[in-house]
Structure formats: C-alpha cells, structure tokens
Amino acid sequence: MSEMKNSNSLTNLTLAAARDGLQNKDFSAVELCNQYIDAIENAGELNCFITKTPEYALAMAKKSDHKIQNGTAGSMEGLPIGMKDLFCTKGVLTTAGSHILDGFKPTYESTVSQNLWDSGAVMLGKMNMDEFAMGSANITSYYGNVINPWQRNDGSNAKLVPGGSSGGSAAAVASNIVIAATGTDTGGSIRQPAAFTGIVGLKPTYGRCSRWGTIAFASSLDQAGPMTRDVRDAAIMLGAMAGFDNKDSTSVNLPVPNYEAALTGDIKGMRIGIPKEYNLDGMPSEITELWQQGAKWLKDAGAEIVDISLPHTKYALPAYYIVAPAEASSNLARYDGIRYGLRVCDDGDSLDDLYEKTRAEGFGAEVQRRILIGTYVLSAGYYDAYYLQAQKVRTKIADDFKQAWQSCDILLTPVTPTAAFGIDEKQDDPLAMYLHDIFTVPSSMAGLPAMSIPAALDNKGLPLGLQLIAKPFDEVNLLRVGHMLENMAGFNAKPQFLASNGLTSKAEGA
Amino acid sequence: MSLDKTSVAKIAKLSRIRINDDKQDEMASDLNNIMGFVEQLSQVNVEGVEPMTSVIEMMQRQRDDIISDGGYADDILENGPATDMGFFTVPKVVE
C-alpha cells in the first residue's frame, strides 16, 4: 500500500483494501472514520445524507479498533458505510425519504443493519432516497434531490440525477464519502443508480437478505443489497448482509457461501445468454455497442455466448406497475397518523379527516399516485382484470427465465437505456420515468439475483453499466462473472466530485 | 376504461388520501396515462396459467403456535404522535 499523504487519501481505498490496511495496522478504524467524516462535511452539495451520525460512527470505530487489537475482528470491522434510510436503525431517525415519518426513531434494528454491525461495520449516517423507494432519479425525496457527482464533459455543468431510489447511497459511494452503502431494489433501485454513478450494485435473490425491519414498498419484490466501488467489495458486503432470518417468513434457509472465494478469475466454459428482446427500438447505439463489447469481453475470457429469448420481456414493466403499486397501497396503509410520524388534525376533525389530511400532507405526489393506482387495481370489479392478470403474466415472465436456464448460466444485458439525465429533464411524465427500469424490472419480477457493473463512459463522459442476471441463489457465479467483466472492462474513471479533492477530476489507478 | 374525476375522488376516499377538487383532474390524467400503459397486459394469453404467489419456490414455514414476542408496550407507543395512559389517542369516534 502506498503512503498516505493527502488529507483524505484513505477514502480512495476500496472496502477490501481498507479492511486489509486495518488488519495490517497501517491505520486505525478511528483514523479511517475521521477521514470519512471530514469528506462528508465537504460534500454537502450532493445531499447524500438525510441524517449524519458522526458521533455514532466514532464510537463504533473505537470498538472496532479494540476488536482488531485483540484479534476478534469481523468481516467488515471498522469499515464506515452509509445505511439507506429505508432500514430501521434503533434510536436513529428513519424516514424512508418521506414527510409522513417525521421524527420516527425506531425502537428496534433491521436484521440487515444488525448483521452489518455484528460484522463490525461503522455507520456514517442514513442515506437520502426516493420517497418510500419509489423513483428512478432521487427527485421524490422529502429531503431534497441528490446530485450525481458525475458531470457531462460538454461544459454545461448541468446537475445530473444519481438514479434512484438508492440515489444517496450511489452518489456517496461514487464520490468516496462512504466506503460502501446499503441499497434496496424493488424494480432496479440498486442497479440503476449504480449504473448512473459508475459503481457496482448487486440485488440478491429474493429471500437472500432478510426484509425484517426494512420499510416495505412491494413485499414480493423488495430485496436489500450492497452498493460498492468494485465487485470484490460487493462480495464481502453481501456476505455480511445475507442470511436466514426467522423473523422474515420469506427468508430462505440456505447457508451463505464465502462470496469472496467465488472471485476465481475463471469463467471458462460458462454459457452467457444474450436475450434478444432487450434490443429496443431507438436505443442509443453506444448502449448496443457496449452490450456487444461486454459479450466479446466474456467470450475472450473463455465463456460461450448463447443467443436466447425471453418472449414476455415487454410485459414485465406494465405487470410491475400493477403488482408494485398494489402491494404499496397495502403496505402504506399503516401510515395513519396514529402510531408514528406525522399527524395532521384540526379541531373538530373526525378520524377519517385525520387519516385523509395526514396522508395528503405526508405523502408526496409519486407516492400518492402509486397508492391510488394500487387501490384501484385491487378494488372490487377490477381485481381480476388487473391484479390477477398481472400475477399470471408474472408467472410467464418467470417461466421465460426458467426456459433460458436450459441453455445458459448467466444473462448479459444493459442496465439502463441511457446514462444519467439532468435533474430538470423528464420530470413531467411519470411514465417516461418508469421506462428507465425496463431492463432491471424483469429479473425483479422473477426474484433473480442481478448486478450492475460499470463498463464504459458514454460520449458525454458519463458512466454506463452492464447487467448480469443469474439463477436463483447463484450469487456465486454472478460475482465470478461480474469480477471477470470488471477486469475486462477496466473501468477506472472517477467522477468530477471526489472526496479527496473536491470538484476537480482526478485519474486514479486501480 | 377511462378514469374520471368522480372515480378519482372515490379511489382517493378508499385510499384515505384527501385530494382536493382542483387536483382531481390532474390526478385523473396521470392515472389514465399509467393505466393506458398497463392495458397491454390484456394481450397476453394466460389461459391455464397460475397467478404467481411466490417468486421463490418454497414451502411456507410453520412454527409452534406459542407466544414468542411482545411485552414492550412502551416501545410501541414511543413514536405515537399522541398517547395517553398506555394508549394511542384519536379524535372522538362515537358521538
């Protein structure tokens, strides 16, 4: 490891490198933590955090230093991460990016965050996000927009979105103000922001990480996962997050493999499927070219490329926009102004007035739209035509993937049809926003593990990602192929805003 | 079918979200836009297809029918916007 001269140089280390540095006692967990706290203070303009917890972090880092000293360090010991504000954290404000959870300090800890603390991770704070994880641009948060640390190279200085809903997590990891962060993915909320910010985002198989204590959006789709600087970091962090949990009835009781050991660098003979339906009319040629390049990289590494078909791909997004709002309308019924958070009630109001006023003021426009859609498709007379039909289509989508696994082991696709867009672009039409998730939603509907890997810059200098999709609970091969794809792509560009040097671009070796 | 202002008002009532009169047209237009998009699902032949109930093929776990959790009313009440003597309080419901 090189000497640490710059005031923020530790923040350039990957999670794996910082772990090794801590173990070798090149620096202490408190030193590492302090550099991140400084970095966060200088990155206020990105608005990545809803709540910062520096005192908390330093207390945890001190404990980590003791554990490292006495040889009882966990797999994430002393590593300072960001926690998406969808995970309940005991005694620390948890908002889901919504006004309706004003002042909510959970009296319990989510299983995923507890697993991370048990492995030694240090919490820098709670990350900004789209309200209730509904959005693809991080422009629906009650706590304001998150700014992408990347800028276009055309000199326009346009502020770009980081993607969503895990936008605060993505922007913070990309700008080196946290070493890694948790995300959650319902239809692409880990993978799409990872692609927009040039980082790695992994959505595990549904059931791999416990949903207990994670604020619910669409329960049959929600899944937590790591957002990291590289694939090795994702492997380490997933190992800490995952595992069976008796408190989540859909948690799957399977052993958690050593994911880091999966990164063997050998993908010879693996069959990589290219689904033809992911070729969209009017898709920018650089997206298509990068996709072809990705296939070539994997072929050069010894994999076999197989053309496959997922015939119901185009129906995944419309089915998602029935299933997800239906589940959301049910899950979000709990925000009633009685048990936690905001209450709006005037003198003489009835209980119904209280409910209606609280929910009108507490929920933002996108959340209200989705609750209404969900209520409508579940309502008497429409349930069969919409909800039941969507669940049947979902079965067909899952069957497509099962069919594909007859002839391939992993799928390769783009993550998004475009690079990050401007905060002022495309806000008016909710539907245009939904289309950003067109490549991420199908695997969500089938509960499959999938990962976004930064692969290239577009012609405006913005990162583009490639997506890998694997069989259920085959995160091992997902990571193995992802690691190879990362090596072949050799993506090492950095955003214009970086913790160690503020708003100047800096090339960094791997 | 197309949603009008009246149906928006009805759905809003079912959802317990107050949407004022002057916002109902805009909401109707947004909802119709989305419903128009999802309409294409009716093209899919789903004859004989079972609706999905779980993405992961698994048996629902069973557990012993015993009390395994609870006994912390104070924790539950802690975040209540209005509580009194171990209860959440609400506006008068019965006249």
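I began with the pair α2(A) and α3(A), where A:A29, A:V30, A:C33 and A:I37 of α2(A) meet A:P54, A:A57, A:L58, A:A61, A:K62, A:S64, A:D65 and A:I68 of α3(A), a contact being two residues whose C-beta atoms, placed from the backbone, lie within 7 Å. By class I found nine nonpolar, one polar and two charged residues in this contact, with Ala, Val, Leu, Ile, Met, Phe, Trp, Tyr, Cys and Pro counted as nonpolar, Asp, Glu, Lys and Arg as charged, and the others, Gly among them, as polar.

I note for all entries that the model is predicted, that local features need pLDDT of at least 70 and side-chain atom pairs pLDDT 80 or more, and that totals for chains, interfaces and linings use all residues. Residues are numbered from 1 along each chain as its sequence is written, while chains are lettered from A and ligands numbered from 1 in the order in which they are written.

I then looked up the geometry: α2 (residues 29-41) and α3 (residues 54-69) of chain A pack at about 155°, with their axes 8 Å apart. That angle makes α2(A) roughly antiparallel to α3(A) (under 35 degrees is roughly parallel, over 145 roughly antiparallel, 65 to 115 roughly perpendicular, the rest oblique).

Next I turned to α9 (residues 316-331) and α12 (residues 383-404) of chain A, which pack at an angle of about 125° with their axes 9 Å apart, and α9(A) and α12(A) are therefore oblique to each other. Here α9(A) contributes A:A316, A:A319, A:I322, A:V323 and A:A326, and α12(A) contributes A:Y386, A:Y387, A:A390, A:Q391, A:V393, A:R394 and A:I397. I listed the residues of this contact as ten nonpolar, one polar and one charged.

For the contact between the chains, I found 54 residues from chain A and 38 residues from chain B. On the side of chain A that touches chain B, α12(A) gives the largest share, ten residues, and the residues of that side divide into 28 nonpolar, 15 polar and eleven charged.

Last, I looked at chain A as a whole, which has 15 helices and eleven strands, helices being DSSP runs of H or I of at least four residues and strands runs of E of at least two, numbered from the N terminus. The C-alpha atoms of chain A fill a box of roughly 65 × 55 × 50 Å along the principal axes. Buried residues make up 60% of the 510 residues in chain A, where buried requires 20 or more other C-beta atoms within 10 Å of the residue's own.

How values were computed. Axes fitted to C-alpha atoms, helices over the stretch in contact; angles between N-to-C directions. Buried ≥ 20, exposed ≤ 12 C-beta atoms within 10 Å, placed from the backbone.
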